[in-house]
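Subject: Handing over a structure, with notes

Dear colleague,

Please find the structure below, together with the notes I made while going through it. I would be glad if you read them with the coordinates open beside you.

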Amino acid sequence: MALIDLANPTRFLSVTERVLPWLAAATALAFAAGLYLVWAVAPDDYQQGATVTIMFIHVPNAWLAMGVWTVMSIASIGTLVWRHPLADVAGKSAAPLGAAFTFLALLTGSLWGRPMWGTYWVWDARLTSVLVLFLMYLGVIALWRTVDDPARAGRAAAILTLVGAINLPVIKFSVDWWNTLHQPASVLRVGGPAIHPSILTPLLVMALAFGLLFVTLHLAAMRNEILRRRVRAMWLLQAHPAQGA
Amino acid sequence: MTALSALLVRDMRLAIRVGGGALMGVLFFLIVVTLVPFAVGPDLVQLRRIGPAILWLGALLACLLTLDRLLAADHEDGSLDLILMGGTPLELSLLAKAVAHWITTGLPLVIATPLLGLLLDLEPLAIGAVALTLLAGTPALTCIGLIGAALSVALRRGGLLLPVLILPLTVPVLIFGVAASNAAVAGPLSFGAPFMILCALTLGSLVLGPFAAAAALRHGLE
């Protein structure tokens, strides 16, 4: 069982130390290939022109925005059910990354919307539910930053993450309902026709690149978090030398 | 059952007496609704159009205001530890506390709604619809808030954190509450469908809230 082997933070640190350079190299390679495909191979859209390039950044970020919450939910189950020692580390270091990806998805979508729909922001169902997702990421981060003790913060954040995971489909569904009530689906028909392979291939390569970027950054952030906790433990030991010895 | 009813009666008594602040929520509700015409102008036609939304938003904020007292007072004087150690399942105790909290803070909001609806020049039908949706929806707000209260009870700066955690989760309740109110007055859709979903949200949060809050308390206070 790889997960159980990695439960020991020291072993996790040594394994990731060896894996991380390779992951970083793979990320750089995937980005190079993806960007080459985007700029050299993928054609401009006949209607949207060069702005379709934004999609290759926007869509992977939007996928990751939802994917990272899934990672956090699995980590939360690990925290609450199995008390896996690295699970809350994984959950904590994933939250800012997820917030960043969600923010990038919103930002690129907004920049793309300006030339395409003529406005930076539309209260469309999809945009709104991603915005709520972003707020929930910020809530989890705020909870982590409010509690001093990492173990207690981890369990509280795990419960909040799982409640969020149950609520996210409900929010998505209700926002869809809300939108169909107020606004006919005339503005946003981006999906349109099925995607041609000349667009799909670069998109998938870019998605792979962003996925690798997340894994690399996540592992690096987890290492930092483990080291930060060790430093904290050392401080506490220094503060109480009699109990520590 | 006697332990639960004792807890229910005790919480309601504490809320009504001095320092309980049961009516603080209604006062806040009144102030919010009074402030809105200053912001959007005294045009009665416009106020009538956005009236249900104002009432729902005001009720949501008023619910939020009283939530941090839901568990904090018991945590301060130690009775929360007694509830945790008692023989009654923690989920049921928390549900009893949530019911008591709703009766003392949520129900007054519903009762005050018709009066505030008159201030916004709502028709009787609209007032009835808003009051009915608030009656069905505020228990969901209390139960979702119970989770936030349990998560933030032991924190020194919990009061500010609670709305940040809770408000995104209340989006569906707000949507369907306002949708049902508007549908009753003018909407092309029927009142029934969004109202049913609102009731479903309330029932779902009645189940989810106590369990998640109990888990948060068990993990947070040990």
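**Around a proline in chain A**

Not counting residues up to four places away in sequence, A:Pro202 touches A:Gly34, A:Leu37, A:Val38, A:Val41, A:Ala42 and A:Phe56. Please bear in mind here, and in everything that follows, that this is a predicted model. A:Pro202 sits in helix α7 of chain A, which covers residues 197–239, and A:Pro202 counts as buried because 23 other C-beta atoms lie within 10 Å, where 20 or more are required.

**Chain A as a whole**

Chain A has eight helices and zero strands, so that from the N terminus on its elements run α-α-α-α-α-α-α-α. Of the 245 residues in chain A, 33% are buried, and residues 24 or more positions apart account for 79% of the contacts in chain A with a separation of 6 or more.

**The core and the interface**

The largest nonpolar core has 122 residues, and those with the most contacts inside it are A:Leu143, B:Ala150 and B:Ala216. Helix α7 of chain B (residues 124–152) gives the most to this core, with 16 residues. B:Ala150, leaving aside its neighbours within four places in sequence, is in contact with B:Leu71, B:Ala213, B:Ala216 and B:Leu217.

Between the chains, 21 residues of chain B are in contact with 23 residues of chain A. On the side of chain B that touches chain A, the elements that give two or more residues are α7, α8 (158–166), α9 (171–185) and α10 (192–221) of chain B, and α10(B) gives the most, with six residues. By class, this side of chain B has 18 nonpolar, two polar and one charged residues.

**Helix packing in chain B**

The axes of α7(B) and α9(B) come within 9 Å and cross at roughly 160 degrees, and the two helices are therefore roughly antiparallel to each other. In this pair, α7(B) passes α9(B) in a right-handed crossing. The contact is made by residues that include B:Ala129, B:Thr133, B:Gly137 and B:Ala140 of α7(B), and B:Gly177, B:Ala180, B:Ser181 and B:Ala184 of α9(B); the residues of the contact divide into 10 nonpolar, four polar and no charged.

For α6(B) and α7(B), the axes come within 9 Å and cross at roughly 155 degrees, which makes α6(B) roughly antiparallel to α7(B). The crossing in which α6(B) passes α7(B) is right-handed. Among the residues that meet here are B:His101, B:Trp102, B:Gly106 and B:Pro114 in α6(B), and B:Leu134, B:Thr138, B:Pro139 and B:Cys143 in α7(B). The residues of this contact divide into 15 nonpolar, six polar and no charged.

**A helix between these elements in the notes: α4(B)**

In helix α4 of chain B (residues 69–77), the residues B:Arg69, B:Leu70, B:Leu71 and B:Asp74 are buried, and the buried residues of α4(B) pack against α3 (44–67), α5 (79–85), α6 (90–119) and α7 of chain B. B:Leu71 is also one of the residues in contact with B:Ala150. Just after α4(B), B:Gly78 takes a positive phi of about 90 degrees.

With best wishes

Definitions and conventions:
Residues are numbered from 1 along each chain as its sequence is written. Chains are lettered from A and ligands numbered from 1 in the order in which they are written. This is a predicted model: local features need pLDDT of at least 70, side-chain atom pairs count only at pLDDT 80 or more; totals for chains, interfaces and linings use all residues. A nonpolar core is a set of buried Ala, Val, Leu, Ile, Met, Phe, Trp, Tyr and Cys residues joined through C-beta atoms within 7 Å. A residue is buried if 20 or more other C-beta atoms lie within 10 Å of its own, exposed if 12 or fewer, and partly exposed in between; C-beta atoms are placed from the backbone. Helices (H or I, at least four residues) and strands (E, at least two) are DSSP runs, numbered from the N terminus. Two residues are in contact if their C-beta atoms, placed from the backbone, lie within 7 Å. Ala, Val, Leu, Ile, Met, Phe, Trp, Tyr, Cys and Pro count as nonpolar, Asp, Glu, Lys and Arg as charged, and the others, Gly among them, as polar. Axes are lines fitted to C-alpha atoms, for helices over the stretch in contact, and angles run from 0 to 180 degrees between N-to-C directions. Angles under 35 degrees count as roughly parallel, over 145 as roughly antiparallel, 65 to 115 as roughly perpendicular and the rest as oblique. A crossing is left-handed if the near helix is turned anticlockwise from the far one by less than a right angle, and right-handed if clockwise.
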